[in-house]
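Subject: Structure handover

Hello,

The structure is below, followed by notes on what was found in it.

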Amino acid sequence: MARVELVEVTKRYGQTIAVDRVSLDIAEGEFVTLLGPSGCGKTTTLRMIAGLIEPSDGEIRFDGRVVNHIPPHKRNIGFVFQFHALFPHMTVADNIAFGLKIRGRPKAEIAQRVEELLELVNLQGFGTRLPAQLSGGQQQRVALARVLATDPQVLLFDEPLSALDRNLRDQLKYSILELQRRTRKTAIYVTHDQSEAFAISDRICVMNAGRVEQVGTPVELYLQPRTEFVANFVGDNNVLRGLVVRTELRDDGQRGVLIRSNGIELHAVDPHGLQIGDPAVVFVRPENIEIVSDDPIGSPDTLLEGLIDQVIFEGPTVRVVIDVHGVPIRVVVSGPQRLTLLGRNGRRVYLRPHAAVAIRDTSVVESSVRR
């Protein structure tokens, strides 16, 4: 295991900045995922950690030691690529043993290590097969075993499951997590798939345009996004822009605000200290909006009134679009209630939002500065 630190790491290609002052501290044995859209700099960052690309500025440290100019083969890392690149003419056992043979390990030690790894990746009895005789998922498990054979301090994964079909990806992501937990290796994983990142990560680093937008646990990113990009990229959100008209102390002890947006008033958690009159963006997840009875007693001010515009049956859930003062609000309903909403287009309903989060609307601030 090793602690990996990135301190203001930057990579330029001419005038293009691919990675812009990225800082990240990864603890020993931690599983951290770099998540973001294509071109956000996550793979470039991973390759700098591996030593395949040299940073333009900043430092990369393993256990406090700067490794910027140390070549990949001396960093004691294991790199799992999108395409496993097994030697097609070698058996599974020989593929796994390759790195150990290069290091001149004794034959008996190699044979024992190969058997241990075949068991670790649940491929006992497959040692004599060729890669072409394996499924895509089995080949990727062989690639994992080959990487683990040399006992690296740090495991690096560059979208290792993206070439596989959905069912295999769902199976293998948990296999990777189990292997990492059993070996207790520090792991850094790159993906654009949010479900992968959420399923296996201790923490996630969301990147955009070469920069870090937010680092946190899956729960923190999902429930407490700090930027509009994170809120929109991680899952689905209803987004409303408006002004803070009141600050308040919520029943749960958190600071809250009341936001007015296009005739809609919405209560939200305020983690960043908004003030009355501040421009704000409110995010509320479709699954965190409750559809209450057609005629609620008293119609408290926490409810929003609207008309059902669209109902889409998706099996275990129903996706409902509700027109609230001309604003489409998306709601996801599960359980028996979802069936009561079918065919109710045009009906009046009331909504009770939960877990809404407000942040400063920086687009308004930046626009005023430009003017």
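Does C205 count as buried or exposed? C205 counts as buried, because its relative accessibility is 1% (buried means under 20% relative accessible area, exposed over 50% and partly exposed in between, with a 1.4 Å probe and protein chains only).

Before the rest, the ground rules. This is a predicted model, in which local features need pLDDT of at least 70 and side-chain atom pairs count only at pLDDT 80 or more, while totals for chains, interfaces and linings use all residues. Residues are numbered from 1 along each chain as its sequence is written, and side-chain values use heavy atoms, with hydrogens and water left out.

Cysteines

C40 is also buried, at 2% relative accessibility. The closest cysteine sulfur to that of C40 is in C205, 8.7 Å away, which is too far for a bond. The disulfide count is zero, where a disulfide is a pair of cysteine sulfur atoms within 2.5 Å.

Pockets

A pocket is defined on a 1 Å grid over the protein atoms alone, as an open set of points where a 1.4 Å probe fits, with protein on both sides within 12 Å along at least five of seven lines; lining residues have an atom within 4 Å of a point. Grid points are joined across faces, edges and corners, and a volume is the space filled by probe spheres set on the points.

The largest pocket has a volume of about 660 Å³. Its lining has 21 residues, with I77, G78, F79, V147 and T150 nearest the centre. Two or more lining residues come from each of β6 (77-80), α2 (92-102) and α4 (136-149) (helices are DSSP runs of H or I, at least four residues, and strands runs of E, at least two, numbered from the N terminus). β6 has the largest share, four residues. By class, the lining holds 13 nonpolar, six polar and two charged residues (Ala, Val, Leu, Ile, Met, Phe, Trp, Tyr, Cys and Pro count as nonpolar, Asp, Glu, Lys and Arg as charged, the others, Gly among them, as polar).

The second largest pocket holds about 320 Å³. It is lined by 14 residues, and E248, R250, H267, T302 and P353 lie nearest its centre. β13 (264-269) gives the most, three residues. The lining divides into five nonpolar, three polar and six charged residues.

D252

D252 sits in the loop between β11 (238-249) and β12 (255-261), and is partly exposed at 45% relative accessibility.

Regards
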